[in-house]
Amino acid sequence: MAGTVRAWLDQAGKFPIAHIGGIPHFNEAVPLGAPRTGVLHTTEGGWAGSLAIFKQHFAPHFMLGFDADAQKVRVAQLVQVGTIGAALKAHNNRAIVQIEMIGFSKENPWIPDDETVAALASLMAVCAIEYGIPLEHPWPDGDFGKAGRNPHRSSGKFGEHGGWFGHGDCPSPDTHWDPGNLEWSVILDRAKQLAGVRLAPLIASAGPAAMAATEQGARKPPKNRPRVDEA
């Protein structure tokens with residue numbers, strides 16, 4: 001995984017990714033040899049207001065969700081991947097990608113609207129393919145990092161295990177608890193399906209899996225021809 005990464009993405013599934021420049025951030029490289037980790041946040045506000053804040057500070061790599069002015073779900077990249085985003089109070093250098101999703105944290109189980117789920121899953125799938133971030137969340141649905149001190153922050157998993165974390169899972173001094181009681185499995189399962197579609201042609205064209213598939217195909221009776229036991 002060491003080396004360079006693709007700094008800017010142009011597309012996540014059906015969603016074009018807009019590039020918004022002039023965003024202040026740490027102009028320092030993320031250690032690429034570390035476990036590939038992503039952090040998901042909720043903006044706790046709308047698109048325009050959140051972008052105005054990110055133009056001053058606290059910018060993540062990506063922002064996505066419903067833009068009331070455009071009247072559609074959008075994906076924008078604010079910071080190049082490979083450098084540090086700034087959406088955490090500390091430990092930003094442990095996350096290769098940070099995403100701010102338009103929405104509000106909830107203590108009850110919740111999921112964004114269908115179009116936002118599609119955008120988030122598409123972006124996570126691309127991040128899995130491009131940057132090697134595992135499509136996993138360390139805790140089951142319903143077990144979420146709450147405000148203030150919580151066991152997730154002191155678990156030692158962040159920065160040591162690859163995958164997707166919420167802001168509420170990140171170590172102190174962070175105290176934010178977004179995205180709350182998100183149903184991670186719904187989004188990650190969708191992302192795995194999307195990533196699988198992209199990876200399937202590569203897997204099918206080489207290696208033992210391709211050999212097995214070819215051998216199985218050779219044994220399969222041709223279509224419209226009766227099998228021996230049916231003749």
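**Entry: a pair to begin with.** I started with Asp-67 and Arg-74, whose side chains meet in a salt bridge at 2.9 Å, N to O. I counted a salt bridge when a side-chain nitrogen of Lys or Arg is within 4 Å of a carboxyl oxygen of Asp or Glu. Asp-67 is buried, at 5% relative accessible area, while Arg-74 is partly exposed at 23%.

**Entry: ground rules.** I noted that this is a predicted model, in which local features need pLDDT of at least 70 and side-chain atom pairs count only at pLDDT 80 or more, while totals for chains, interfaces and linings use all residues. Residues are numbered from 1 along each chain as its sequence is written, and side-chain values use heavy atoms, with hydrogens and water left out.

**Entry: the other salt bridges.** How many salt bridges does the rule give? I get five. Lys-14 forms one with Glu-115, with the closest N and O atoms 3.3 Å apart. Lys-14 sits in the loop between E1 and E2 and Glu-115 in helix H2, so this pair ties together parts that are 101 residues apart in sequence. Lys-14 is exposed at 58%, whereas Glu-115 is partly exposed at 33%.

Next I checked Lys-192 and Glu-136, whose closest N and O atoms are 3.6 Å apart in a salt bridge. Lys-192 belongs to helix H3 (residues 184-204) and Glu-136 to the loop between H2 and E10, 56 residues apart, and the pair links distant parts of the chain. Both ends are partly exposed: Lys-192 at 36% and Glu-136 at 42%. I also found Arg-6, Asp-10 and Glu-130 linked in a network of salt bridges.

**Entry: the sheet.** I listed four helices and eleven strands for the protein. Helices (H or I, at least four residues) and strands (E, at least two) are DSSP runs, numbered from the N terminus. Seven strands form an open sheet with mixed pairing, in the order E1-E2-E6-E5-E8-E4-E10; two strands pair if DSSP finds at least two bridges between them. At the edges I see E1 (11-12) and E10 (163-166), each pairing on one side only. E2 (residues 15-19) runs parallel to E6 (residues 72-77) over three bridges, and His-19 has Gln-77 as its bridge partner in E6.

**Entry: helices on the sheet.** Helix H2 (residues 114-131) lies across E1, E2, E4 (37-42), E5, E6, E8 and E10, at about 160° to E5. For such angles, axes are lines fitted to C-alpha atoms, for helices over the stretch in contact, and the values run from 0 to 180 degrees between N-to-C directions. Contact means heavy atoms within 4.5 Å.

**Entry: whole-chain numbers.** Of the 231 residues in the protein, 44% are buried. Among contacts between residues at least 6 apart in sequence, 75% join residues at least 24 apart.

Key: Buried means under 20% relative accessible area, exposed over 50%, partly exposed in between (1.4 Å probe, protein chains only).
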